[in-house]
Amino acid sequence: MSELDGVPKPEELLKIDYQPPRKGWMDTPVNFKPGTYNYPAASKNHKILELPFPREWSPMEEDWKLPENWKEIVVNGIAERLSKYRSFKVFMDICVRCGACADKCHFFLGSGDPKNMPVLRAELLRSIYRKEFTAAGKVLGKLAGGRELTPTVIKEWFYYFYQCTECRRCSVFCPYGIDTAEITMIGRELLYLLGLGINWALEPAAKCFMTGNHLGVYPHTLKDTLEFFADDIEDITGVRVEIPLNKKGADILFVTPSGDYFADPGTFTCMGYLILFHELGLNYTWSTYASEGGNFGLFTSHEMIKRLNAKIYAEAKRLGVKWILGGECGHMWRVIHQYMDTMNGPADFLQEPVSPITGTKFENAKSTKMVHIMEFTADLIKHNKLKLDPSRNDKLKVTFHDSCNPARAMGIFEEPRYVIRNVCKEFYDMPENTIKEKTFCCAGGAGLGNDENMEMRLRGGLPRGNAVKYVQEKHGVNRLACMCAIDRATLVPLCDYWAPGVQVTGIHEMVANALVLKGEKERETDLRGEPLKELEE
Amino acid sequence: MKFEEILSQHKPALVKKWFHLVLRTYPEETATFLKNENDPFANPVGATIFKGIEDLFDGLIKEGNHKQISSFLDRIIHIRAVQEFTPAQALSFIFMLKKVIRDELKKEFKEKELFDEFLTFESKIDELALAAFNRYVECREKVFELRANEVKNRYSGLVRRLNRIPKTPEEKTKSKSYKK
Ligand code: SF4
Ligand code: SF4
């Protein structure tokens, strides 16, 4: 066979039938093309977390080395979850296939693959549910939308449940509120029962289990890291900030994603927190064990969410704080808002959060006792407690990416915009159907933000990139702000491909640039060490 | 009537046919959506392809501003370079214009003795295809560059910091930020 086999010759191109072969979705097999799937989890990580069937395997190989009774395991796994989660049972039953969700998923929009329509993604599992658990499906099979559970189905699950970032955009449009993200979560749980996971989610989970954070940073390294930030801050502002670590009796425990310890531009946001808390004279502390707000358990299983989240309340209790403040993270807030209280609460040893600076009661955090930093900072600005010089951000033309989880799992839209508008002069929102509850995902959340999956991420990132490009061309936008550590990593290549020239920033980086500190020297650079004003050409 | 005028006159029909042919490179359900949703933010792929080929068509019949042509090309190719296509499939959309024009107007050009112009025009499409090939390769290179950067980016803050640790004694006395 020559290398050019399969490539049409010019004259053939004119005769070619451009129609792709028509096949029902159930019969279209999965093609594991490099760049479009995630590497399997290393067996050592399965072992650390005591997950079943640890082994080395590859999606590219025919044989996935499934356990002998794999079918029974999956069917029992579905049965258990149907009885445990009412939502799952309802979602399996009530979809009327109206199609309202079909064109709302960024992976469908970017890839054009129909199996990325949320309704079909759910159907991957629903078809098995019908066959195994409904009377009609048992008898009529395909006619009733049921299908046989085969290893091909498992491969399809692995491919498509890891082409869902659990972003919940589709659920906003479903008249029944079916949340495909939750179906994906169950699908992933079932895969884990067979020892099938992805490393980008499981390795951080395993590290988190051992050290408290996804990066596996030990206490002394965390201390060093924060002190390095303090050095940088001193160079830039002339002010030395303190680093309270494991301080018993502090008022507030601060918890933030570890993604911001080592990776730019998240590091600058982390410096931003230190500067803000110093200026406020806040009696707060970091914890070297609750050193991670994120929770890759969310991308693994419900059980894992609980295991990894437990340390936050445990540390709050040990340190004897009054309440907890949480940094700029995305999925961490979904866990805190929707699961923490029921899974690891009640946090009755904590107090209802009150800002020590303004006296504002955060009643929305009455039960979790954990406040989002954007609410905290917006409240400070509203009460005129910060001296801000927005002109120090004059070189920035900013737009804001609503991260999926704070937007759709929390509904926090206005606070970040309010803060941004107060710390920089030029802010432009992206088009209405791409922001707030309709925001488009970065396509790298839920464990998919790894390098091997880059091509798929770029497909899924297209709708977001397209909207960024639009404000870039229309208003000259050059910064994409976000309040999520995963975004601060994943939006960087997204912009580089779809809207080159736009850089990514956290919000507290901009806050700290604008914040005038007592006793500071005249600032020449921003936190990135770059000149405050754009150099004249 | 001149050759370009004929093309211009038939533009709406030609572009539509071209668009539909391009859509047929996608699965059926997808093609229906790409065709019917007009909001450029709800349907970035469909909208970009439509606008892109329309502008390409204009560029080809007017005396071409090549830079412009390449920005339209760029957008379509950026999309198709990361979708589930082989390189040939990704770029086939350009040759489809030939098919459309041949199907629709070849006879008319023959009758009106504009066949030479027709051949020249086809050569222009071939040139476009070559330009597209360059773009495509650039996009693929970019994807691999982004992949490679990911590993670096994960520790960029750390590396930045390590690079600043003073190594010689003079550097150490000079540096404020080395306090330990
Ligand atoms: S919008 Fe809801 S009911 Fe309609 S197809 Fe999607 S999941 Fe089913
Ligand atoms: S949750 Fe997000 S990624 Fe998953 S199917 Fe819905 S829109 Fe797509």
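## A parallel sheet

Strand E5 (residues 397-401) and strand E7 (residues 479-482) of chain A run parallel and are joined by 4 bridges. This comes from a predicted model. One of the pairings can be named: Thr399(A) in the sheet has Leu480(A) of E7(A) as its bridge partner. Val398(A) has a bridge partner in E7(A) too, namely Arg479(A).

Strand E5(A) also pairs with E6(A). Here 2 bridges join the strands, and the pairing is again parallel. Val398(A) takes part in this pairing, with Phe427(A) as its bridge partner in E6(A). So what holds such strands together? Strands of a sheet pair through backbone hydrogen bonds, either parallel or antiparallel.

## Edges and centre

Now take the sheet as a whole. It is open and has 4 strands, in the order E6-E5-E7-E8 (chain A), with parallel pairing. Which strands stand at the edges? They are strand E6 (426-427) and strand E8 (503-506) of chain A. Each has a single partner strand, so one side of each is left without a neighbour in the sheet.

Is E5(A) largely enclosed or largely open? Of its 5 residues, 4 are buried, so E5(A) is largely enclosed by the rest of the structure.

## The largest cavity

Rolling a probe the size of a water molecule over the atoms shows where empty space is left. In this structure, a search finds 6 cavities of 30 Å³ or more. The largest cavity has a volume of about 160 Å³. Its lining is made of 18 residues. Those nearest its centre are Thr165(A), Cys404(A), Asn405(A), Gly445(A) and Ala446(A). Three elements of chain A give two or more residues to this lining: helix H16 (331-344), helix H18 (404-410) and helix H21 (485-498).

What kinds of residue line the largest cavity? By class, there are 9 nonpolar, 6 polar and 3 charged residues. Domain 1 (25-197) and domain 2 (205-514) each supply at least three residues.

## The second largest cavity

The second largest cavity holds about 120 Å³ of space. It is lined by 16 residues. Nearest its centre lie Cys95(A), Cys101(A), Val119(A), Cys174(A) and Ile178(A). Which helix gives the largest share of this lining? Helix H6 (residues 118-133) of chain A does, with 3 residues. By class, the lining has 12 nonpolar, 2 polar and 2 charged residues.

Ala100(A) sits in the loop between helix H4 (86-94) and helix H5 (106-111) of chain A. With a relative accessible area of 25%, Ala100(A) is partly exposed.

A disulfide is a covalent bond between the sulfur atoms of two cysteines. How many disulfides does the search of the whole structure find? The count over all chains is 0.

## Backbone details

The bond from Asp264(A) to Pro265(A) is cis, with omega near 0 degrees. Pro265(A) is in the loop between helix H13 (259-262) and helix H14 (266-280) of chain A. The bond from Gly345(A) to Pro346(A) is cis too, with omega near 0 degrees. Pro346(A) lies in the loop between H16 and strand E4 (370-372) of chain A.

Two residues other than glycine have a positive phi. For Glu50(A), phi is near 55 degrees. Glu50(A) is in the loop between helix H2 (43-48) and helix H3 (70-84) of chain A. For Arg168(A), phi is about 70 degrees. Arg168(A) lies in the loop between helix H8 (151-160) and helix H9 (169-173) of chain A. Are these residues buried or exposed? Glu50(A) counts as exposed, at 65% relative accessibility. Arg168(A) is buried, with a relative accessible area of 13%.

Note on methods. Residues numbered from 1 in each chain as written. Chains lettered and ligands numbered in written order. Predicted model: local features only at pLDDT ≥ 70, side-chain atom pairs only at ≥ 80, totals over all residues. Heavy atoms only, no water. 1 Å grid on protein atoms, 1.4 Å probe; cavity = no way out; pocket = protein on both sides within 12 Å on 5 of 7 lines; lining within 4 Å. Points joined across faces, edges and corners; volume = space filled by probe spheres on them. Nonpolar A, V, L, I, M, F, W, Y, C, P; charged D, E, K, R; others polar. Domains from an automatic or database assignment. Disulfide = S-S within 2.5 Å. Pairing = 2+ DSSP bridges. Buried < 20%, exposed > 50% of the residue type's maximum accessible area, 1.4 Å probe, protein only.
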